[in-house]
Amino acid sequence: MKQKVKWYFTIFERALLIIFLFAAVFPIWLIITNSLKSGVDTFKIPPSVFFKPVLNNYQQLFKTTNFENYFKNSIVVASFTTVIVVMCGTFAAYGIRLFKSKKVAKLSNILLVGRAVPYITILIPLYIMLNKIGLTGSLLAVIIAHSTSTLPFNTWLISGFMSDVPGELFESATIDGCTRMQTLFRIIFPTLKPAIASSAILVLQFSWNELIYAMGFTNMKTYTMTVAVARYTGGMVVNWGTIGAIACLSSIPIIAVGFFAQKYLISGMTAGAVKG
Amino acid sequence: MDRKSFGLSMEKGDLLPTILILPTLLIVLCFTIIPMFYGIYVSLHEYRLGGSLSSENLVGISNYVNAFKDSTTKKAIVNTVIFAVGCVAGDLVFGTIISVLLYRLKEGVQHILRPFMIMPLLVAPIVTSLMWTSLLDVNGVIYWALGKIGITYAQFKGVSGTSTALFCCITAHWWTNIPFVVIVLSAGLLCISEDLYEAAYCDGVGLMKTFWYITLPLLKSVYMTIILISGVDTIKSMDVVFGLTKGGPNNSSMTLNLYSYLQAFESGNMSYAMTLSVLTLILALVCFGIPFVRYNNRKRNQS
């Protein structure tokens, strides 16, 4: 596929790629610059490339809303969900590997059904149930919902990586006198670090960006970032500067994490598809 | 993989593997499986939030009968299917073009460009829908650009037109999901041996034909997985539609799960909302969920 082609075709290819790249980056660039513009500048069409950056929008946002709180809530939800899912997922994947029968190994594919369950199907009954025991409005409800909807797929993902670990590794650990739990902590965790990182970044990204559960289960005090974005932009007079500021504050952390953990993000996403 | 060479063999009555699986099993059982059946149970009643779930309110399948009489539900089912098919089709076409274009670049350039290409994936869907609201604003950039080629608001009504709202949602969804397709396809392209292309080149086969007769057949399983994963995610997700049009105008971009959400949390009509979400579940399982599991089982059997 890397064969040489006529020069005009190469130009056509590069132009096409630049258009796509522009389409991917332009909306993000626009929302970031909008958040740094003062009122009049945001309405300029075409958007100005050079302008005097101001922090008005951010100052106003922190003055009128409870943003530190929402940010903290998001961090609590995302980190707890990630820890729960990665821990339980790894344990379960190890358990599946320990079962000798092939039926259990096959059963692990049933976990994939969990991925097909729409969020709304769980949200409503879970809401009714948690409402009865007074858990709605708490962050715990959101953590529960996020965990249960990501756990099946991530167990399946780690289980796939786990089955690639050669049996000899387990064997030699036994010969050296490791118990099975010691094998898990001393052998499996270190070897599977990349796989666990992949799973963790996928869960983190889901949990940070998730809106529907968070919106259903939280109240004024426990809004996460995404809910704040949805609520505040709904009622606001259209002011793209402030909206840009909210959008930036909620997406910059996860974009930064994704950038640094790019390798793991990619390996997590391709694991299910390419390797099988 | 050879299970016989596994040193830590299990004996009869060995509880450790079960204990290890137990937390996951309990979480999924308590918070996914039980709620799901409870939801089906609720959908057989007449129930509003705060009301009682007694046998007096048992109405059988009349909620389902009403759902199929409700014109909004019918519209929502059609929209959900159009939305899923439109999103996946666009994802595949644009994703293929982008990943092939990226593949044909030098490796160093690929590494520089890739982070920018996958950036949209990391942005929360609700933020995406905000961006597109601002882009599709009447005074926004898209109308400015369309104005340059002579298309006015009257000709293309964007998110406020009944015939164009769903298309706008599909476009915004493309923006979020194409990076995923690019990531997976790029990995798939790298697995194809360079020799095959060289052989084709020596035989004088053109670029298009090489792609059609070599790349595409070899990527069949990758495409299959992308279709199933993206399809299921599209039916499940509602953030983009919620943020962009909220189902409007006049229900023209209403999807099944969004309608269900609005019934539950804006009208408080829990049992009817649950009926709709059971329909969403059936749609997701029949179209993508079951094929996905069966496909993966077959793949694991082969290897």
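**Ground rules.** I am working on a predicted model, where local features need pLDDT of at least 70, side-chain atom pairs count only at pLDDT 80 or more, and totals for chains, interfaces and linings use all residues. Residues are numbered from 1 along each chain as its sequence is written, chains are lettered from A and ligands numbered from 1 in the order in which they are written.

**Chain contact.** I looked up who takes part. Chain A gives 87 residues and chain B gives 91 residues; contact means C-beta atoms, placed from the backbone, within 7 Å. On the chain A side, helix α1 (residues 7–35) has the largest share, 10 residues. Helices here are DSSP runs (H or I, at least four residues), numbered from the N terminus.

**Helix α7(B).** I checked its length. Its 26 residues (165–190) should span 38 Å at 1.5 Å a residue, and the end C-alpha atoms are 38 Å apart, which agrees. The expected span is 1.5 Å times one less than the number of residues. I then looked for a bend (the angle between axes fitted to the seven residues ending at a residue and the seven starting there). α7(B) bends by about 40° at Thr176(B), with Pro179(B) following within four residues. Of its 26 residues, 22 are buried (20 or more other C-beta atoms within 10 Å of the residue's own, C-beta atoms placed from the backbone).

**Core.** I took a nonpolar core as buried Ala, Val, Leu, Ile, Met, Phe, Trp, Tyr and Cys residues joined through C-beta atoms within 7 Å. The largest has 151 residues, and Val142(A) and Cys169(B) are among those with the most contacts inside it. α7(B) gives the most to this core, 16 residues.

How values were computed: Two residues are in contact if their C-beta atoms, placed from the backbone, lie within 7 Å. Helices (H or I, at least four residues) and strands (E, at least two) are DSSP runs, numbered from the N terminus. A residue is buried if 20 or more other C-beta atoms lie within 10 Å of its own, exposed if 12 or fewer, and partly exposed in between; C-beta atoms are placed from the backbone.
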